[in-house]
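Biologist: I would like to go through the salt bridges and a few loop residues in this model. How should I read them?

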Amino acid sequence: MRITRTDTFKKCYKKLPREKKIKVVKQLSLLVKDPSHPSLNVHRIKGTGNIWECYIDKSYRLTFEKSSDELILRVVGPHDIIEKEAKKN
């Protein structure tokens with residue numbers, strides 16, 4: 001599966017503390033290998049068409065769009081990013 005990072009994702013990721021960046025990489029690896037893994041808690045964001053979220057940890061989330069062969073990473077950060085994603089659509 002191909003992973004594409006939006007400019008917004010890149011900016012958000014760059015601002016993360018080092019320990020969060022490590023968790024993001026770990027969870028992305030898991031997302032590609034096993035999207036149904038319980039620690040990810042992958043689910044569609046209500047009110048959006050094809051925007052999904054997964055857990056990085058209890059307070060950080062990652063949003064993405066998916067197709068059969070690609071994950072488009074949208075944003076990563078504190079839980080409130082989910083509300084912002086829903087408002088965009």
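This is a predicted model: local features need pLDDT of at least 70, side-chain atom pairs count only at pLDDT 80 or more; totals for chains, interfaces and linings use all residues.

Biologist: Is E70 buried or exposed?

Modeller: Buried means under 20% relative accessible area. E70 has 14%, so it counts as buried, whereas R2 is partly exposed at 47%.

Biologist: Which residues are linked with D57 in a network of salt bridges?

Modeller: The network links K20, K23 and D57. K20 and D57 meet at 2.4 Å, N to O. K20 is in helix α2 and D57 in the loop between β3 and β4, 37 residues apart. In the salt bridge of D57 with K23, the closest N and O atoms are 3.3 Å apart. K23 also lies in helix α2, so this pair ties together parts 34 residues apart in sequence. K20 is buried at 13%, D57 is buried at 14%, and K23 is partly exposed at 35%.

Biologist: Now the loops. What does the side chain of T48 reach?

Modeller: The T48 side chain reaches the backbone oxygen of I45 at 2.6 Å. T48 sits in the loop between β2 and β3 and is buried at 10% relative accessibility.

Biologist: Where is N41 found, and what is its phi?

Modeller: N41 is in the loop between α2 and β2. Its phi is positive, about 50°, although N41 is not a glycine. N41 is partly exposed, at 33%.

Conventions: Residues are numbered from 1 along each chain as its sequence is written. Side-chain values use heavy atoms; hydrogens and water are left out. Helices (H or I, at least four residues) and strands (E, at least two) are DSSP runs, numbered from the N terminus. Buried means under 20% relative accessible area, exposed over 50%, partly exposed in between (1.4 Å probe, protein chains only). A polar contact is a pair of N or O atoms within 3.5 Å; within protein, one must be able to donate a hydrogen and the other to accept it, and residues adjacent in sequence count only if both atoms are side-chain atoms. A salt bridge is a side-chain nitrogen of Lys or Arg within 4 Å of a carboxyl oxygen of Asp or Glu.
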